[in-house]
Amino acid sequence: METYTGNRGLRIEEPLIFEQDSPGRTGVDLSDVPDVEDRLGGLSRTEPIGLPGLSEPQVMRHYTRLSQKNYAIDAGFYPLGSCTMKHNPRLNEKMARLPGFADVHPLQPESTVQGALELIDTLAHWIKTLTGMPAVAMSPAAGAHGELCGLMTARSALEARGDARKRVLVPDSAHGTNPATAAICGYDVQAIPLNDRGRVDLAALQDALDEDVAAFMLTNPNTCGLFENEILEQAKAVHDAGAFFYCDGANFNAIVGRVRPGDLGIDCMHLNLHKTFSTPHGGGGPGSGPVVLSEALAPYAPIPWVVHGDNGFALIEHAADSGESEPYGRMKSFHGQMGMFVRTLAYMMSHGADGLRQASSDAVLNANYLLARLSDTLSLPYEGPCMHEVLFDDSFLKDTGVTTLNFAKAMIDEGFHPMTMYFPLVVHGALLMEPTETESREGLDQFIYTIRHLAERARSGEADAFQEAPVHAPRRRLDETGAARQPILRWRPDITLGEAAE
Ligand SMILES: *Cc1c(COP(=O)(O)O)cnc(C)c1O
């Protein structure tokens with residue numbers, strides 16, 4: 001039943017702030033501007049600035065209502081595969097808000113930020129220890145940025161030996177950012193197929209490797225949620241061909257405290273602090289993607305980095321001050337995401353080695369719990385056990401008239417953020433679920449019962465109802481393609497809802 005206001009109970013239908021404009025209304029009283037001589041020449045504004053006029057309580061309500069529409073890990077289960085949407089402990093936030101960390105400025109003299117530099121240095125130490133790697137570049141601002149950093153480092157090492165290789169090998173199970181990074185870096189990308197166990201086909205990799213291959217980019221655990229158990233053979237093949245072994249470490253949550261990537265023969269790997277180490281993410285950031293490097297690549301790491309100098313901690317900011325090293329440049333104007341560094345170190349230190357190990361074990365346990373309790377309802381493309389995420393395909397929906405997309409939309413009505421859909425591409429109608437270790441047994445059980453119920457409805461001929469979903473969400477189905485192809489980013493008084501992709 002439609003309501004007169006469009007509201008649903010206490011969930012208010014909220015117009016845009018521009019639609020609530022009442023020209024001249026403000027939250028403060030400003031006295032009239034005294035008559036002063038205009039010193040702007042012909043440059044003074046002749047038209048209104050176009051900001052909406054609202055009172056302070058109107059603004060408060062507007063943003064509070066919007067915040068209540070925002071689905072978040074703090075609001076409910078968020079099993080988005082590959083994204084590691086886990087709880088962000090509030091202790092991290094408390095530490096990051098300490099004025100000594102929150103208020104530092106990147107251009108302050110080193111002597112006044114010794115604590116911040118020590119924190120970066122300590123975090124670098126723990127990252128190297130956990131990964132078993134000798135060096136780390138701390139500055140990259142996200143996973144994909146870390147990939148770029150890693151490939152640029154590898155390219156510098158190749159150039160230093162006069163070896164201009166042109167190709168990068170990327171398995172079909174890689175995260176989409178991997179081929180994108182290789183292409184941005186100017187490489188030709190060659191896909192490597194999977195075997196029937198959902199892992200890289202070793203023979204196909206060996207065949208593709210030659211003296212023109214700069215790097216192999218593996219995601220491990222891969223995006224099918226499986227551990228690449230032939231990684232040692234892969235590393236050997238890559239090195240025998242004189243190439244570098246990039247490992248996408250965004251899924252480190254599955255193995256932290258159990259496996260040291262350095263022992264697996266990799267040359268560089270980015271970590272997503274905003275996944276494994278619980279710093280907040282979503283909505284575009286801020287992320288943080290430090291890159292660990294092997295002995296072979298360490299000399300080419302980008303500046304800046306922290307050193308123990310004569311007068312405490314110091315920053316190497318210029319290639320000329322970097323001694324034997326040959327940094328290729330820098331990834332960022334400053335030193336990385338300080339707030340994320342503080343949160344990560346707080347997370348590491350509050351967990352300790354045993355706590356981190358337990359977190360990864362629990363992440364894997366939770367995913368396998370979903371696998372065990374849902375594999376008679378959904379269909380599994382590859383046999384388990386899985387790592388931190390479990391991949392289903394859409395064959396359980398065959399002949400029901402319900403698609404993966406419709407199934408996901410129906411989950412929204414049930415109060416769950418959908419899992420990752422249609423990714424990885426190697427599996428038809430993929431449903432990739434990552435519960436993470438911070439979800440309780442009760443929470444998982446409720447999710448399992450809901451999925452079973454929806455699958456039952458799909459099988460009992462309710463396809464039409466699925467096509468309608470979501471019916472309880474504030475917005476129903478949006479024209480996502482239209483919004484991506486023709487984004488309308490600025491409100492205009494004459495804009496119609498049709499134009500705005502709804
Ligand atoms: C999330 C993710 C990335 C990209 O990380 P961003 O921080 O979003 O750039 C890369 N690879 C894998 C496997 C991921 O899960």
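A residue counts as buried under 20% relative accessible area, as exposed over 50%, and as partly exposed in between. In this predicted model, tyrosine 422 has a relative accessibility of 38% and therefore counts as partly exposed. Tyrosine 422 sits in the loop between β11 and β12. Its phi is positive, about 55°, although the residue is not a glycine.

Aspartate 399 also carries a positive phi without being a glycine; the angle is about 65°. This aspartate is placed in the loop between β10 and α10 (404-413). Aspartate 399 has a relative accessible area of 75%, so it is exposed.

Three bridges link β10 to strand β12 (residues 431-433) in the antiparallel sense. Within this pair, valine 390 faces methionine 433 of β12.

A parallel arrangement is found around strand β4. This strand spans residues 213-219, and seven of its seven residues are buried. Strand β2 (residues 167-171) runs parallel to β4 and is joined to it by three bridges. Valine 168 has alanine 215 of β4 as its bridge partner. β4 also pairs with strand β5 (residues 244-249), again in the parallel sense, over five bridges. Here phenylalanine 216 stands opposite phenylalanine 245 of β5. Between β4 and β5 the chain passes through helix α8 (residues 231-240), and this β-α-β crossover is right-handed. In a regular strand, side chains alternate between the two faces of the sheet.

Two cis peptide bonds were examined. One joins asparagine 220 to proline 221, with omega about -10°. Proline 221 lies in the loop between β4 and α8. Another joins isoleucine 303 to proline 304, with omega about 0°. Proline 304 is located in the loop between β7 (291-293) and β8 (305-309).

The ligand is surrounded by 14 residues. The closest are Ser82, Gly143, Asp248, His274 and Lys275. By class, this shell holds three nonpolar, eight polar and three charged residues. Helix α5 (residues 143-160) contributes the most to the shell, with three residues.

A backbone N or O atom of alanine 144 is 2.8 Å from a ligand oxygen. In the side chain of asparagine 272, an N or O atom lies 3.0 Å from an oxygen atom of the ligand. Histidine 175 places a polar side-chain atom 3.4 Å from a ligand nitrogen. The ligand alone exposes 380 Å², and the protein buries 85% of that area.

Asparagine 251 was considered separately. This residue belongs to the loop between β5 and β6 (268-271). Its relative accessible area is 2%, so asparagine 251 is buried. The asparagine 251 side chain makes a polar contact with the side chain of histidine 388, at 3.4 Å.

Technical notes:
Residues numbered from 1 in each chain as written. Predicted model: local features only at pLDDT ≥ 70, side-chain atom pairs only at ≥ 80, totals over all residues. Heavy atoms only, no water. Buried < 20%, exposed > 50% of the residue type's maximum accessible area, 1.4 Å probe, protein only. Helix = DSSP H or I, 4+ residues; strand = E, 2+ residues; numbered from the N terminus. Pairing = 2+ DSSP bridges. Right-handed = clockwise from strand over helix to strand, strands pointing away. Near = heavy atom within 4 Å. Polar contact = N/O pair within 3.5 Å; in protein donor to acceptor, adjacent residues only side chain to side chain. Areas by Shrake-Rupley, 256 points an atom, 1.4 Å probe, with all protein chains shown as cover. Nonpolar A, V, L, I, M, F, W, Y, C, P; charged D, E, K, R; others polar.
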